[in-house]
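Okay, thanks everyone, I'll keep this short. Have a look at the model on the screen and we'll walk through a few spots.

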Amino acid sequence: MYIANLLFIIIIIILLYQIYIIKLNYNNNISISNIICNLKNNNLYYSLIALFITVLLYECYRNDYITLTLTSMLLLLLIKLICTIDHSLEHQFIAILIFICINIFMLHNNNKINNNILQYSLILQFIIIIYVIKIVNINKIFTSEEYRKNLNIFLPETFLISNFGFFYIYLHYLEFIKIKYD
């Protein structure tokens, strides 16, 4: 349990560093991708590699090979994503795959651990996804580079990622902290 908590603290530190990099580079950007794909330094790339290794160890410790596979795919796709042009079709496809991994991860863990807070987080995730689907013209995403360049999804994207972050933290709490004191 100590190892899981230590790995989780390292994960949180790396994520806080990445949030700091994004915050430093925010300039009324239309999406998080618009920030991370246009960074001039490699700090985010190297921190994603460190995050990949730490999450891999953490998920091995959790001993759930489905979440290990999903988080590995998610982080490898993120590393690939920051190497693409943020308004390219390839980028859109990778971003969709990332959110599919996130949602399958949430569904899997929600089914594995019956908890109301995890369920509410999952419901919120789907509400935000439905909102994004309603505001985005799917046909234009695939046909218009100009539309992709100007598509402002910063807030919903931030809410989706933040909700997943909350879900992941609360899942850790349920598996490694609450159990210790129950």
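So, Asn-114 sits in the loop between helix H5 (89–112) and helix H6 (116–135); helices here are DSSP runs of H or I, at least four residues, numbered from the N terminus. Quick word on the source: this is a predicted model, where local features need pLDDT of at least 70, side-chain atom pairs count only at pLDDT 80 or more, and totals for chains, interfaces and linings use all residues. Residues are numbered from 1 along each chain as its sequence is written, and side-chain values use heavy atoms, with hydrogens and water left out.

Is Asn-114 buried or exposed? Exposed, because its relative accessibility is 67%, and the cut-offs are under 20% for buried, over 50% for exposed, and partly exposed in between (1.4 Å probe, protein chains only). Its side chain also makes a polar contact of 2.8 Å with that of Gln-119. A polar contact means a pair of N or O atoms within 3.5 Å; within protein, one must be able to donate a hydrogen and the other to accept it, and residues adjacent in sequence count only if both atoms are side-chain atoms.

Next, helix H3, residues 43–62. Its 20 residues should span 28 Å, and the end C-alpha atoms are 28 Å apart, so that agrees; the expected span is 1.5 Å times one less than the number of residues. Buried residues in H3 include Leu-44, Leu-48, Phe-52 and Tyr-58, and also Glu-59 and Arg-62. Just after H3, Asn-63 has a positive phi of about 60°.

Last one: Ile-3, in helix H1, is partly exposed, at 48% relative accessible area.

Definitions and conventions
Helix = DSSP H or I, 4+ residues; strand = E, 2+ residues; numbered from the N terminus.
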